[in-house]
Amino acid sequence: MLDLDLLDERHVSIVQEAIAEDRIGLVVQNMHTFDGPGHVLYGECLPRLTGRDGTKHEDTVFVPALEALGAAPLLSRHMIKLVLDALESDPLSVLGYSLSDDNVSDPANWAHIRDQIAARSPLASRLVLRFTAIRPFADAALVSALLSEARALGCRVATDDLAAERSSKGD
């Protein structure tokens, strides 16, 4: 996995197999306020893939390839399930997950995320969905509608400065 080209389609099959074999887990990274690093806002959940040989692969190894190949929603659907499971296990936690533009630029991709959250709606108030933009959004109105829908589900919403700027300008 480490020696594959970024655009090698095998990244997708490796992640699909890891999901099927329950070898994708999550690691939580605390997100702090800018002015008060002692205050934790929520725990950002990052994917971690365990190879068949037991080697742990951080998200930086495989997520960029999924994003470049337009396959990030495959991982996001699984990660949202894991985050919701973690919220269910710990009633005091507030956890989040970062959704790439592929998750919000296609209504079908968003529907998978939305339906999982709606099915477990009591957890939504402790779920932070962070929207990021790697590429300019093709349809800023759609992104805005999905942000509103996430809030209507009860989720907390965070946007990267770049995502908010691109969405508001329609870039």
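Predicted model: local features only at pLDDT ≥ 70, side-chain atom pairs only at ≥ 80, totals over all residues.

Mentor: The largest nonpolar core has 36 residues, and the ones with the most contacts inside it are I24, L75 and L129. The largest share, seven residues, comes from α3. As a rule, nonpolar side chains in soluble globular proteins tend to be buried together.

Now zoom in on I24. Leaving aside its neighbours within four places in sequence, I24 is in contact with V15, A18, I19, R48, L49, F62, L75, H78, M79 and L82.

Next, hop over to helix α5, where you'll find I113. I113 has a relative accessible area of 0%, so this residue counts as buried. Skip its neighbours within four places in sequence, and I113 is in contact with S76, R77, I80, L99 and N103. Take L99: I113 and L99 are 14 residues apart in sequence, and their C-alpha atoms are 9.6 Å apart in space.

Stay with α5 and look at how it meets α6. The axes of α5 (residues 107-119) and α6 (residues 140-152) come within 12 Å and cross at roughly 5 degrees. That angle is under 35 degrees, so α5 and α6 are roughly parallel to each other. On the α5 side, the contact is made by P107, W110 and R114, while α6 brings L142, L146, E149 and A150. Sort the residues of this contact and you get five nonpolar, no polar and two charged.

Notes. Residues numbered from 1 in each chain as written. Heavy atoms only, no water. Axes fitted to C-alpha atoms, helices over the stretch in contact; angles between N-to-C directions. Helix = DSSP H or I, 4+ residues; strand = E, 2+ residues; numbered from the N terminus. Parallel < 35°, antiparallel > 145°, perpendicular 65-115°, else oblique. Contact = heavy atoms within 4.5 Å. Nonpolar A, V, L, I, M, F, W, Y, C, P; charged D, E, K, R; others polar. Core = buried A, V, L, I, M, F, W, Y, C linked by side-chain atoms within 4.5 Å. Buried < 20%, exposed > 50% of the residue type's maximum accessible area, 1.4 Å probe, protein only.
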